[in-house]
Amino acid sequence: MSDRSFRFLWHRSIFVKLVAVMLVTGLSLLLMVASFVQLIISPNLVTSRRLVAEYARALAASSPDFERAKQLAAHLDLQVRYEGPDGTWETDPDLPSIAEIRSGHWHDYYVAPGSNGGTYLISWELGRRMREFHNTMLWLLHVLMLVIVFLAYVVLRHILRPLRSLHEGVTRLSEGQLDVVVPRWTRDELGVLTDAFNQMVRRIGDMVRARDQLLLDVSHELRSPLTRIKVALALLPESEKGRRIAADVAEMEAMITELLELERLREGRGMRTERRDLVPLLREAAESFQDRPPGVRLALPSEIVLDIDGEKMRTVLRNLLENAVKYSLPDSGPVEISAHENTETVIVRVTDDGPGIPEEDLANLFEPFYRVDRSRSKKSGGYGLGLSICKRILEAHGGGIAVANNPGRGATFTLTLRKPG
Ligand code: ADP
């Protein structure tokens, strides 16, 4: 793993942090054991070895015979080999020869001359066993640490499972899915957090539904007084004031019609889908905006057959192009409409070269009545319903709409539509 990807994981994953903390703890313990061996046991072993070397020299100088060597072997846990003018003997047949010891790096074997002209090889069995034990212990500790870290990894993954579910839940909620329910795996703090999250989602869902219902009720209620005002206006003598009031009433009517349309779409009512080619619709929409600066450019395949409601798709394209043209700057390049097919979806993009959308507004842009800049929107005549209608229309088609700022300038609206199954 590269340094950058580790740092990325470190900052993004609490799980990686916990495993790293465990690894560091394990390594510290290992270091403590190694230091203990190095500082306390090793110096004592070195002294013992010096003692044994001295003893081996003294023993060889006393030139013990085979019988005496056997007694010592049983009593002091030593093995002895003798090679001399009067023959060769050993207390253990597995002992190496003196020549072998002299030619290699052997530990805990001592070679010393005897007073009878021969040479003695004395092996300190306890020292050898302790050395082997140390090596085995070291390996065992490493393996044990790896096993413990692995087990801890598995246990941590299990313990942190609710966190992953919560993460998925939060992601789905931020995508606007208000029906998400995160399963509760445990009764601990994470379980409590999961309950609180589910409750929060329920309350948000209730609030959004209440808001939509309020909008619907107000829209319905406003229709009758508006009709009465229109009738009253028609009965009044013609005047400038009367014309201005009539224009305001017309605007309110348009808004109410859009709000009611929004509600109809949410319930999936009034959709008339049929199999048709999307490309002529895109061309037709582009043509109606061709004469308005900065113009429209097309990058389309020859045909895209989809199950769509042609009228509703026209509304979507009209709203998007209206915005793209309306918010274009004097030096903006033409708006571009492009489309391409994937295996299961069709992607249509409307890209403009305008000012783009402030990052903090991107998430709410498709909410009813949401405007980036109230004064600017008022001036440009919108009241923030166009994009929410686009979203509902695409959702009623089983698709979606998203927006992102371009790397250079302007914004791109991406429509996703399902291909006929
Ligand atoms: P409106 O009728 O106010 O344009 P919309 O729902 O169509 O309402 O758009 C909501 C807001 O999103 C607009 O007020 C505008 O601030 C912003 N917006 C939409 N399209 C664009 C765009 N292409 N470039 C910049 N801002 C945009």
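In which helix is Asn198 found? Asn198 is found in helix H7, which covers residues 189-235. Helices (H or I, at least four residues) and strands (E, at least two) are DSSP runs, numbered from the N terminus. The model is predicted: local features need pLDDT of at least 70, side-chain atom pairs count only at pLDDT 80 or more, and totals for chains, interfaces and linings use all residues. Residues are numbered from 1 along each chain as its sequence is written, and side-chain values use heavy atoms, with hydrogens and water left out.

Asn198 has a relative accessible area of 10% and therefore counts as buried. Buried means under 20% relative accessible area, exposed means over 50%, and partly exposed lies in between (1.4 Å probe, protein chains only). Asn198 is in contact with Val180, Val181 and Val182, leaving aside neighbours within four places in sequence. Contact means heavy atoms within 4.5 Å. Thr194 is also found in helix H7. Its relative accessibility is 0%, so Thr194 counts as buried. Thr194 touches Leu166, Val182, Pro183 and Arg184, not counting residues up to four places away in sequence.

Two packed helices are described by the angle between their axes and the distance between the axes. The axes of H7 and helix H8 (residues 240-266) come within 9 Å and cross at roughly 150 degrees. Axes are lines fitted to C-alpha atoms, for helices over the stretch in contact, and angles run from 0 to 180 degrees between N-to-C directions. H7 and H8 are therefore roughly antiparallel to each other. Angles under 35 degrees count as roughly parallel, over 145 as roughly antiparallel, 65 to 115 as roughly perpendicular, and the rest as oblique. The crossing of H7 and H8 is left-handed. A crossing is left-handed if the near helix is turned anticlockwise from the far one by less than a right angle, and right-handed if clockwise.

Ala, Val, Leu, Ile, Met, Phe, Trp, Tyr, Cys and Pro count as nonpolar, Asp, Glu, Lys and Arg as charged, and the others, Gly among them, as polar.

The axes of helix H10 (residues 310-326) and helix H13 (residues 386-396) come within 9 Å and cross at roughly 145 degrees. H10 passes H13 in a left-handed crossing. On the H10 side, Lys312, Thr315, Val316, Asn319, Leu320 and Asn323 take part. They meet Gly386, Leu387, Ile389, Cys390, Ile393 and Leu394 in H13. Seven nonpolar, four polar and one charged residues make up this contact.

Helix H5 covers residues 125-159. At 1.5 Å a residue, its 35 residues should span 51 Å, and the end C-alpha atoms are 49 Å apart, which agrees. The expected span is 1.5 Å times one less than the number of residues. Glu125, Gly127, Met145, Val149, Ala152 and Leu156 are buried in H5. Their cover includes helix H2 (14-61), strand S1 (78-84) and strand S4 (119-124). Helix H2 also holds Ala20. With a relative accessible area of 17%, Ala20 is buried.

Most residues other than glycine have a negative phi, and most peptide bonds are trans. Asp77 has a positive phi of about 60 degrees although it is not a glycine. Asp77 sits in the loop between helix H3 (66-76) and S1. At 28% relative accessibility, Asp77 counts as partly exposed. Phi of Asp108 is also positive, near 60 degrees. Asp108 is found in the loop between helix H4 (98-103) and strand S3 (109-113). Its relative accessible area is 4%, so Asp108 is buried. A cis peptide bond joins Pro293 and Pro294, with omega about 10 degrees. Pro294 lies in the loop between helix H9 (278-289) and strand S6 (296-299).
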